Amino acid sequence: MATFLYRVGRLAFRRRWYVALVWAAVLAAVGLGALKAPGASDDGFSMPGIEAQKAFDLMEQRFPGATADGATARVVFVAPSGEKVTATENKRAVEKAVADLAHGPQVASAVDPFQAKAISKDGSTAYASVTYKVAANDLTDAGKTRLERAIDTARDSGLTVEAGGSAMDDGGGPGGVAEVIGVAIAAVVLLITFGSLAAAGLPLLTALIGVGVSMATILTLSQALGLSTTTGTLAMMLGLAVGIDYALFVVSRYREERAKGRAPQEAAGLAVGTAGSAVVFAGLTVVIALAGLAVVGIPMLTKMGLAAAGAVVVAVLIALTLVPAFLGFWPNAVLRRRARRTGRIEDEGTRNNGGSRWARFVLRRPLPVLLLGVVGLGALAVPMTALQLGMPGDEAKSTSTTERRAYDALAEAFGPGFNGPLTVVVDAKGAADANGAADPKGTVDPKRAAETVAQQIGRTEGVISVSPPRFNEAGDTAVFQVVPSTSPTDEKTKDLVTTIRGERPGVESETGATFEVTGTTALNIDISDKVQAALIPYLVVVVGLAIVLLLVVFRSLLVPLKAALGFLLSVLASLGVVVLVFQQGHGAGLLGVEQTGPIMSLMPIFLVGIVFGLAMDYEVFLVSRMREAYVHGERPGEAITSGFRHSARVVVAAALIMIAVFAGFVGESDSMIKMIGFGLACAVLFDAFVVRMAIVPAVLALLGDRAWWLPKWLDRLLPNVDVEGEALSRRQEADQEAGQEADREAGQEAGQEAGQGTDPQADPEAGPRPAGTPGREVART
């Protein structure tokens with residue numbers, strides 16, 4: 001591996017124009033494809049295998065023309081204080097607004113609240129339900145403008161008018177500010193780390209090129225592969241973070257090799273051969289974690305994981321090819337200013353620095369450091385025991401949004417459960433067919449069966465009201481809504497759904513018809529249950545594959561196990577902090593979180609998948625330098641110090657960049673993106689600075705030589721990938737010895753030809769005069 005990548009780095013350095021042109025052509029091609037590709041369609045959030053999804057599918061089948069996941073808007077009208085919406089002027093304004101909405105583009109129906117009796121008991125509030133023919137993502141600007149204009153017109157009459165529902169969604173996702181903040185902080189960190197504008201700018205430039213290629217490719221393939229607009233959010237986050245980090249490690253190793261006296265081309269080859277090997281395996285762990293999201297069984301999550309994995313692959317390829325090519329264009333620009341001015345490069349890896357001093361501190365006190373790190377992360381993980389999963393809705397949005405104000409108005413006027421009604425689908429067709437076959441007269445009356453089901457559910461504790469059943473044209477399927485007494489995210493609502501479904505066998509035996517519970521609230525409950533059930537298998541698959549991969553990389557049994565356990569600590573601690581802030585509300589105001597509630601159902605999966613890959617990044621980069629020193633003959637303690645001397649500052653810089661990129665998303669208005677950004681930033685903070693920088697060296701110090709133990713039979717079975725570049729070291733030593741031997745022979749021949757009297761001071765056995773350390777001089781290219 002190292003030898004192959006060494007050749008790749010030298011080739012990219014030497015053929016830099018070709019490499020740069022190839023990447024420019026790729027970027028132009030996918031960019032043109034993205035411009036010409038049709039817009040991404042929103043196929044809806046599908047979750048195969050759960051009851052709520054089966055009910056949605058049944059509704060689309062039995063009610064043709066009524067899209068179950070079509071966009072909806074709920075427009076809330078509140079009369080001025082002391083008045084009623086049924087007053088003549090207020091009623092006229094409401095009816096006019098509903099008529100305007102009904103004639104809007106892409107509108108399927110707009111229900112008049114006075115005809116539907118959608119008026120609160122005190123008469124102060126009414127709402128109109130607007131249904132669209134298309135999904136929320138496919139709504140045109142004209143449709144949204146018509147909705148906003150109708151709302152503004154009604155407000156002019158003196159009514160308070162707010163609107164919620166999927167039609168009000170603005171698409172979410174990062175709006176660009178988060179990326180700008182992350183890149184700006186990353187630039188400062190890189191400048192401090194390298195002390196050179198070029199060295200700081202090179203990782204940023206290559207990372208942005210990689211993100212451009214990845215995002216343009218996703219947009220180009222969005223229509224063909226059914227990718228939604230949210231698919232690229234994760235790819236952008238990770239592509240930017242790992243793109244900067246991978247280039248950072250290659251550039252740092254290049255500077256280190258230059259300080260050892262290597263020529264620029266040779267230094268680029270060695271940087272790609274050593275640091276590039278670590279980049280490949282670190283990238284593989286991230287790809288495994290992201291591709292493993294397919295285990296969960298959520299199509300949208302699978303697509304997001306695969307898209308992000310593709311962005312990581314692009315980042316790896318750019319680090320191995322485009323970075324050495326750019327180093328070929330400016331071989332000295334990435335060096336410190338003093339080195340460029342004086343012409344001499346200082347080898348920073350040969351002197352003490354903060355990393356080596358910290359390593360020696362841990363080596364003197366490994367057990368206290370280990371206990372402090374484990375106990376600290378364990379304490380932060382305690383709130384995770386109270387974790388509640390759900391899907392935050394309009395209640396989690398800022399009170400400055402009309403969606404949140406509409407939510408609050410409906411909850412106040414109609415009760416907290418009104419914002420999350422359950423939809424019950426009664427299927428009498430199968431039972432009627434079966435009974436009809438047995439009894440020609442047919443014993444199942446679909447209408448009576450549906451009414452019986454509605455009555456039974458209406459008597460369930462926790463149900464406020466049940467709407468009249470609505471039948472399809474065939475008359476064999478009915479749909480009605482059930483309003484709970486509690487809010488959509490309340491645990492009592494989840495218990496109610498479980499209770500209703502538990503009553504199904506008795507109701508079916510009585511009526512001969514079956515029913516299923518769906519709706520947004522039921523769907524979120526089912527998603528949470530499915531994610532929780534999939535979490536353990538996902539952990540087993542991802543952690544198992546990564547342990548095997550690290551076993552090959554480090555050729556040790558204990559190092560991969562220690563890496564996996566440390567990762568679990570950091571993930572549990574980050575989940576605990578997320579619960580502490582977003583669920584329990586401690587410090588929520590500092591992050592702009594106005595409403596606490598359950599944690600997004602997909603959050604644990606996101607954290608496990610993404611953070612595991614990133615954690616293994618730091619593990620590979622840091623521990624591979626320790627193993628490199630150990631393989632080259634240093635004792636275990638010396639190897640730990642050597643690894644920290646060479647890698648600690650770069651790993652710290654990489655972690656700070658990751659934290660900056662993820663923390664930038666905390667400023668987004670979307671509560672889910674805010675939660676993901678905060679959780680990922682905390683996880684990287686804990687994993688990089690507590691686990692990898694403290695717990696890892698402490699464990700290795702306690703284990704000593706045992707840390708690198710591997711059974712001989714397993715050593716023979718495992719392939720030798722040579723991440724440490726041992727083959728390159730042997731090759732360099734052989735080349736150096738061959739060069740010295742050639743110089744010695746040439747000197748002896750010259751002395752013999754010249755004769756002993758030519759230079760009385762010449763010593764034919766001494767060989768040529770040493771040239772000092774010309775390799776440390778900056779090459780003038």
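The model is predicted, so local features are described only where pLDDT is at least 70 and side-chain atom pairs only at pLDDT 80 or more, while totals for chains, interfaces and linings use all residues. Residues are numbered from 1 along each chain as its sequence is written, and side-chain values use heavy atoms, with hydrogens and water left out.

The protein has 26 helices and 11 strands. Of the 781 residues, 52% are buried, where buried means under 20% relative accessible area, exposed over 50% and partly exposed in between, with a 1.4 Å probe and protein chains only. Among contacts with a separation of 6 or more, 80% are between residues 24 or more positions apart; a contact means heavy atoms within 4.5 Å.

One part of the structure is an open sheet of 4 strands in the order β2-β3-β1-β4, with antiparallel pairing. Two strands count as paired if DSSP finds at least two bridges between them. Strands β2 (107-110) and β4 form the edges, each pairing on one side only. From one strand to the next the twist averages 20°. Strand β1 pairs with β3 (residues 125-132) in the antiparallel sense over 7 bridges, and T72 stands opposite T131 in β3. Helix α4 (residues 88-102) packs on this sheet, touching β1, β2 and β3, and its direction makes about 160° with that of β2. Helix α15 (residues 402-414) also packs on the sheet; it touches β1, β3 and β4, and its direction makes about 105° with that of β4. These angles run from 0 to 180 degrees between N-to-C directions, and axes are lines fitted to C-alpha atoms, for helices over the stretch in contact.

Strand β4 (residues 160-164) is mostly covered, with 4 of its 5 residues buried.

Helix packing comes next. Two packed helices are described by the angle between their axes and the distance between the axes. Helix α9 (residues 231-259) and helix α22 (residues 603-631) have axes that come within 12 Å and cross at roughly 5°. The two helices are therefore roughly parallel to each other; angles under 35 degrees count as roughly parallel, over 145 as roughly antiparallel, 65 to 115 as roughly perpendicular and the rest as oblique. On the α9 side the contact includes L234, L238, V242 and Y246, and on the α22 side F606, I610, L614 and Y618 are among the residues involved. The contact residues divide into 10 nonpolar, no polar and 6 charged. In this division Ala, Val, Leu, Ile, Met, Phe, Trp, Tyr, Cys and Pro count as nonpolar, Asp, Glu, Lys and Arg as charged, and the others, Gly among them, as polar.

Helix α3 (residues 51-62) and helix α20 (residues 520-554) pack at an angle of about 140°, with their axes 8 Å apart. That angle makes α3 oblique to α20. Here E51, A52 and F56 in α3 meet A522, L523 and D526 in α20, a contact of 4 nonpolar, no polar and 2 charged residues.

The largest nonpolar core has 164 residues, and Y246, L290, F567, F606 and F662 have the most contacts inside it. A nonpolar core is a set of buried Ala, Val, Leu, Ile, Met, Phe, Trp, Tyr and Cys residues joined through side-chain atoms within 4.5 Å. Helix α24 (residues 671-703) gives the most to this core, with 19 residues. Not counting residues up to four places away in sequence, F606 touches L234, L301, M304, M600, V611 and I676. A second, separate core of 29 residues includes V98, A136, L159 and A163.

Two single residues remain. V483 lies in strand β9 (residues 477-484) and counts as buried at 11% relative accessibility. Leaving aside neighbours within four places in sequence, V483 is in contact with G417, F418, P421, G462, V463, I464 and S465. R555 sits in the loop between α20 and α21 (558-583). Its phi is near 50°, a positive value in a residue other than glycine, and R555 is buried, with a relative accessible area of 11%.
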